[in-house]
Amino acid sequence: MFQGQLVTLRAYKTEDVEVSLKLLEEEGLRDTLSMEVIFPYSTDSQKAYIENSMKKNNKNVYNFAIEDKKTKQYIGSCGINEYDMNQRIATIGLWISKDFQNKGYGTDTLQVLCKFIFDELNAFKITLFYFDFNENAAKLYKKIGFVTEGIHRKEQFRYGKYHNRIYMGLFREEFFKSE
Ligand SMILES: CC(C)(COP(=O)(O)OP(=O)(O)OC[C@H]1O[C@@H](n2cnc3c(N)ncnc32)[C@H](O)[C@@H]1OP(=O)(O)O)[C@@H](O)C(=O)NCCC(=O)NCCS
């Protein structure tokens, strides 16, 4: 369990399955995430996803439930989608429930997650991408210290047209400078 000012990042529990499905259905949330989650998920597939992320031997994927530190309410998800052990590069993602956006939870979550990745996994670099229409994500990542490294033109089809994917990266010194 890892704590920030506002959030606790903890392991998933089976009872998170139903709540996470409900939160992911919120308008404007799922469409900012990667392709696999744009279509409705069944309870069974979400359960399998969460159970897989709880497996002890799942070395390359770390999936944290985000909890409001005060109320212990489950409010979102974050983690490492892929960890390249040779290059020590972690690719991350996160989402916060609508009701908790624009209140500092995303900033706090990302600070805790990046600290975990650098200090516990000894990663060399953290990478991520977002879709060009996602202004909230762009603002948040820049604030944490992420630097834009490249634009993949028209690789994401959403809302009936293609959008660019923006790739960003963060080194340890860039992160700790912004903390
Ligand atoms: C992108 C996302 C993670 C941002 O998280 P968030 O919790 O809304 O972001 P924050 O609240 O930390 O920061 C946004 C604004 O909230 C306000 N804020 C920050 N800290 C605050 C605090 N302690 N108290 C009150 N307001 C605060 C600020 O206005 C801040 O903007 P700033 O950069 O000008 O300071 C969130 O919008 C989200 O989950 N979106 C849907 C999924 C998604 O897009 N995921 C990323 C895919 S790449």
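Visitor: What order do the strands of the sheet take?
Guide: The eight strands form an open sheet in the order β1-β2-β3-β4-β5-β6-β8-β7, with mixed pairing. Strands and helices here are DSSP runs numbered from the N terminus (strands E, at least two residues; helices H or I, at least four). Two strands pair if DSSP finds at least two bridges between them.

Visitor: Which strands stand at the edges?
Guide: β1 (2–3) and β7 (147–158) do; each has a single partner strand, so one side of each is left without a neighbour in the sheet.

Visitor: Before going on, what sort of model is this?
Guide: This is a predicted model: local features need pLDDT of at least 70 and side-chain atom pairs count only at pLDDT 80 or more, while totals for chains, interfaces and linings use all residues. Residues are numbered from 1 along each chain as its sequence is written.

Visitor: Back to β7. How many of its 12 residues are buried?
Guide: The number is zero, so β7 lies largely in the open. A residue is buried if 20 or more other C-beta atoms lie within 10 Å of its own, exposed if 12 or fewer, and partly exposed in between, with C-beta atoms placed from the backbone.

Visitor: How does β7 pair with β8?
Guide: In the antiparallel sense, over eight bridges.

Visitor: What does β6 pair with?
Guide: β6 (residues 125–131) pairs with β5 in the parallel sense over three bridges. With β8 (residues 161–171), β6 pairs in the antiparallel sense over seven bridges.

Visitor: Which residues are bridge partners there?
Guide: T127 of β6 is the bridge partner of T91, and T127 also has G169 in β8 as a bridge partner. I89 has K125 in β6 as its partner.

Visitor: What do β5, α3 and β6 make together?
Guide: A right-handed β-α-β unit. Right-handed means that, with the strands pointing away from the viewer, the path from the first strand over the helix to the second runs clockwise.

Visitor: What is in the loop between α3 and β6?
Guide: N122 is there. N122 has a phi near 55 degrees, a positive value in a residue other than glycine. N122 is exposed, with 9 other C-beta atoms within 10 Å.

Visitor: New topic. Which residues of the largest nonpolar core touch the most other members?
Guide: L9, I66, L113, C114, I117 and I126, out of 35 residues in that core. Such a core is a set of buried Ala, Val, Leu, Ile, Met, Phe, Trp, Tyr and Cys residues joined through C-beta atoms within 7 Å. α3 gives the most to this core, with seven residues.

Visitor: What does L113 contact?
Guide: Leaving aside neighbours within four places in sequence, L113 is in contact with L9, C78, I92 and L94. Contact means C-beta atoms, placed from the backbone, within 7 Å.

Visitor: How many residues surround the ligand?
Guide: There are 20, and the closest are T32, Q101, G104, G106 and T107.

Terms used: Near = placed C-beta within 6 Å. Contact = placed C-beta atoms within 7 Å.
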